[in-house]
Amino acid sequence: MSPPISVLYDAIRPEEKALVEAAKKKNIDLEMIDCKNLVIDLDKKTDFGTVIQRCVSYYRNLHSTAALEGAGANVINSLHTGIYAGNKLFTHMLLKNIGVETPYVTVAFSKDSAIGALDRLGYPRVIKPTVGSWGRMVTKLNDGEAADAIIEQREKMYPIYQVHFLEEFVQRPPRDIRAIVIGDSVAGAIYRNSAGENWKTNTHLGGTAEVCKITAELEDVCIKAKNAVKGQIVGVDLMESNERGLMVHEINNTTEYSNVARVTGVDIAGLILEHAKNAGK
Ligand SMILES: Nc1ncnc2c1ncn2[C@@H]1O[C@H](COP(=O)(O)OP(=O)(O)O)[C@@H](O)[C@H]1O
Ligand SMILES: [Mg+2]
């Protein structure tokens, strides 16, 4: 008998449904655990074996991973990956160190220094929270007036939003790439085309998807990115810079993959379960 696999979730999205379906097809014993009902005694060894971490809430995800991993479970992805991939600044430094192209960024820790940096760097510039997803609060600063207003608001928010992460606005086709990496290969990839005039390509914002061919270059960049955060199953987001070619702008720790599965026809959920089964051996 293979060791048990659990899926830890806080919402049932198409990805979690697909895992349940794939487990039925593969005759894999899968335990669905609602993290909201979970109580963990930090000082006892856990009964959990391999846990596929699927919580949407950033804090619930990170802290339940820390608790379960510390108590002996094999959590996919690890706490290390959760911390580094969950933060765009941390990811940036790891990508740079491993030689993967990523947009140029300047970080500033007060309104005055951020405005000073923007005056020096010029506009447009993209400001984004170091922790966040679905394109929320990712904002294009077109001029000093916009920068002043946006940064003033962020200075009044939760401290994470007071870390002003200022990214070059990358010149690229009106699309980006989402690649799903499972273990040492890219399982599938899609282009996400911008919806209308929106410069952001998130499918949550209406971006449309089509198949992206997995070239040797794409595979190489994605595996390096996954290794940079010591990930096992990650979603790598890339842009095709007119100047510098493929660049990674984000690594998703608990990645959504239903669009990749739908558009490419690849059984991503099945591959995730196979990976988890082997990881538990
Ligand atoms: N520096 C940039 N230049 C041009 N477009 C960008 C840049 N950064 C992000 N985008 C666009 O905005 C989207 C959201 O940015 P991203 O960094 O992935 O944040 P999130 O984690 O919220 O998805 C990307 O998918 C891409 O389409
Ligand atoms: Mg993104």
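**A loop residue, the nonpolar cores and the ligand site**

In this predicted model, Ala-195 is placed in the loop that lies between strand 10 and strand 11 (208-211). With a relative accessibility of 25%, Ala-195 counts as partly exposed, because the buried class ends under 20% and the exposed class begins over 50%. When residues up to four places away in sequence are not counted, Ala-195 touches Leu-205, Gly-206 and Gly-207. Pro-4, by contrast, is 191 residues apart from Ala-195 in sequence, and their C-alpha atoms are 42 Å apart in space.

The largest nonpolar core comprises 23 residues, of which Ile-177, Leu-218, Cys-222, Val-236, Leu-238, Val-248 and Ile-251 touch the most other members. Two or more residues are given to this core by each of strand 9 (175-182), strand 10 (185-193), helix 7 (216-228), strand 12 (233-241) and strand 13 (245-252), and helix 7 gives the most, with 6 residues. For Leu-238, the residues touched, not counting those up to four places away in sequence, include Ile-177, Ala-179, Leu-218, Val-221, Cys-222 and Val-248, as well as Asp-176 and His-249.

Oxygen atoms of ligand 1 are found 2.7 Å from a side-chain N or O atom of Lys-88, 2.6 Å from one of Thr-201 and 2.9 Å from one of Asn-202. Taken alone, ligand 1 exposes 550 Å², of which the protein buries 99%.

Conventions. Residues are numbered from 1 along each chain as its sequence is written. Chains are lettered from A and ligands numbered from 1 in the order in which they are written. This is a predicted model: local features need pLDDT of at least 70, side-chain atom pairs count only at pLDDT 80 or more; totals for chains, interfaces and linings use all residues. Side-chain values use heavy atoms; hydrogens and water are left out. A nonpolar core is a set of buried Ala, Val, Leu, Ile, Met, Phe, Trp, Tyr and Cys residues joined through side-chain atoms within 4.5 Å. Buried means under 20% relative accessible area, exposed over 50%, partly exposed in between (1.4 Å probe, protein chains only). Helices (H or I, at least four residues) and strands (E, at least two) are DSSP runs, numbered from the N terminus. Contact means heavy atoms within 4.5 Å. A polar contact is a pair of N or O atoms within 3.5 Å; within protein, one must be able to donate a hydrogen and the other to accept it, and residues adjacent in sequence count only if both atoms are side-chain atoms. Accessible areas come from the Shrake-Rupley method with a 1.4 Å probe; for residues, only the protein chains shown count as cover.
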